[in-house]
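Student: Could we go through this model together? I would like to begin with a loop residue and then move on to other parts.

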Amino acid sequence: MRDLRKKALLESQKTVSRKARSKPESVRSSVNQSPDGSPSNSRAGSRANSRPNSRPGSRYASEDEDASESEYDFMTASTNSASGDDNVDDPGNIWTERLRDRVGELQDRKRNAQGREATLAAYLHLVRHHFSETQIGRSVSDIIPALLRSVKEGAGEEERLLALKAIMVTLLTCPSERYSGVLVSTLRTLCQDAEEENVKAQAVYALMIAATIGGGSDASGEELLDFLLEIIESDGESVEAGDSGVVVTAALRAWGFVASFLDDMASRSEQVMDAFIEQLDSTDPEVQSSAGTNIAFLSEVAREDEEQTGENSRMQHNMYRIMTRMGEIVRDSSKSISKKDRKQLRFNFNSIVTSLERGVGPGYSTAGRGYNPHVGGNNKARIQEDFQEFGYQETLRVHNQVMLIDTWLLHVRVEALKMLLGGGLATHYLENPVVKDMLETGEVNFVASAADRRG
């Protein structure tokens, strides 16, 4: 069975759909792995002449990068340009020295809970905003066990949450198969035993990364899908989190992400579709949107399978019922959720319904512009012929690169990376080979910068 991480690194064969795998792949040099899974020919990090204070800066301790550092505009279905500036908050560009100090502090268990939280927050900030493969690659065998200790023995919720997030970004930076077994075991236990629903949710996301980037096989990926489906079908009861929207949302999003790396998902679609349809009736808009996204993703898989095999999918017969139900939910939601959530839910469901109706990807706009009847006569046939839909509107922009997000597979992966990396996505998109290969299917266009236009 193929390693899912290796599959992610080989997915550059896919261009528009899974069918494109039949295209010959150009030969790419493989990355030589160190014992801990980090490439040995990585870029060298910049070095500073002076050593910074070993105490982690206080600006990291209270930072919630999932919210405050997100530079993406979800309401317009298009992301704003992420900065990707390696010198953010670091005029002397001495982040490598600070990161080295934080790695050392991670292994010091004599520090009090507040000190450990500050160290974890500082480490997480640095590895999110800088591609640090060279700096931490040789220390992964020390970093992962230290983070696992905080996960299992942390004094409070914040320490465990920071450690879980740090594990995910560390694996994304330096994929390692060495800890796959202990990670999966520890994280599944945490899903069951943690008292806080946020910890359970982050443990689900960490399982998602461990199973795909951290050395999981197809078999382990399928096993994780079954575990996540149990959470979804039981409304969180299977992990002692009954009716927890946060945990069920995490399970839905993780299910879609893991499924995007697996083959033959068409055969599983009918089994899981009922569970996702049922979650459309949730009172939590995040659960509803996440369930709808998975439905759209599976519909996309079914369409591609039909094109490939010529056989009609029975799953498509449910589409009218699903679209009707989504319309009812949007109308009825005005009485039960906030105006902001209602607007977001309506936007998400409109994107999903258009996808199901038209057989297109996410963020497709059927609005458009056509022939102007006030110029050249009022020819109705010509107006209809000249009408052009705006089409795909969901994009990811990094500096002068604009990637079109025109498949649900790509949408699911981009959303996961936004959550994991926040404002550091731009840097990882440009420098991290794991991230670049994960998004290889996206069509990228280059646009002129403001400086270029002025010039």
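Student: Is aspartate 264 buried or exposed?
Tutor: Aspartate 264 is exposed, its relative accessible area being 54%. Buried stands for under 20% relative accessible area, exposed for over 50%, and partly exposed for the range in between, with a 1.4 Å probe and protein chains only. Please note that this is a predicted model, where local features need pLDDT of at least 70 and side-chain atom pairs count only at pLDDT 80 or more, while totals for chains, interfaces and linings use all residues. Residues are numbered from 1 along each chain as its sequence is written, and side-chain values use heavy atoms, with hydrogens and water left out.

Student: Where does aspartate 264 lie?
Tutor: Aspartate 264 lies in the loop between α10 and α11 (266–279). Helices (H or I, at least four residues) and strands (E, at least two) are DSSP runs, numbered from the N terminus. Aspartate 264 has a positive phi of about 55°, although it is not a glycine. Most residues other than glycine have a negative phi.

Student: And glutamate 240, what is its phi?
Tutor: The phi of glutamate 240 is near 60°, a positive value in a residue other than glycine. Glutamate 240 sits in the loop between α9 (218–233) and α10 (245–259), and it counts as exposed at 61% relative accessibility.

Student: Now a helix: where is alanine 291 placed, and is it buried or exposed?
Tutor: Alanine 291 belongs to helix α12 (residues 285–309). Alanine 291 is buried, because its relative accessible area is 0%.

Student: Which residues does it touch, neighbours within four places in sequence aside?
Tutor: Alanine 291 is in contact with Leu252, Phe276, Gln279 and Leu280, where contact means heavy atoms within 4.5 Å. Alanine 291 and tryptophan 255 are 36 residues apart in sequence, with a C-alpha to C-alpha distance of 9.9 Å.

Student: Changing topic, which strands does β6 pair with?
Tutor: Strand β6 (residues 401–404) pairs with strand β5 (residues 395–398) in the antiparallel sense over 4 bridges. β6 also pairs with strand β7 (residues 443–446), again antiparallel and over 4 bridges. Two strands pair if DSSP finds at least two bridges between them.

Student: Which residues are bridge partners there?
Tutor: Leucine 396 has methionine 403 in β6 as its bridge partner, and valine 402 has asparagine 445 in β7.

Student: What about the hairpin of β5 and β6, how many residues are between the strands?
Tutor: There are 2 residues between the strands, and histidine 399 in this hairpin takes a positive phi near 55°.

Student: Which residues cover the faces of β6?
Tutor: Gln401 and Met403 are on one side and Val402 and Leu404 on the other, and all are buried. In a regular strand the side chains alternate between the two faces of the sheet.

Student: Finally, what is the make-up of the whole chain in helices and strands?
Tutor: The chain has 19 helices and 7 strands. Buried residues make up 53% of its 455 residues. Among contacts between residues at least 6 apart in sequence, 72% join residues at least 24 apart.
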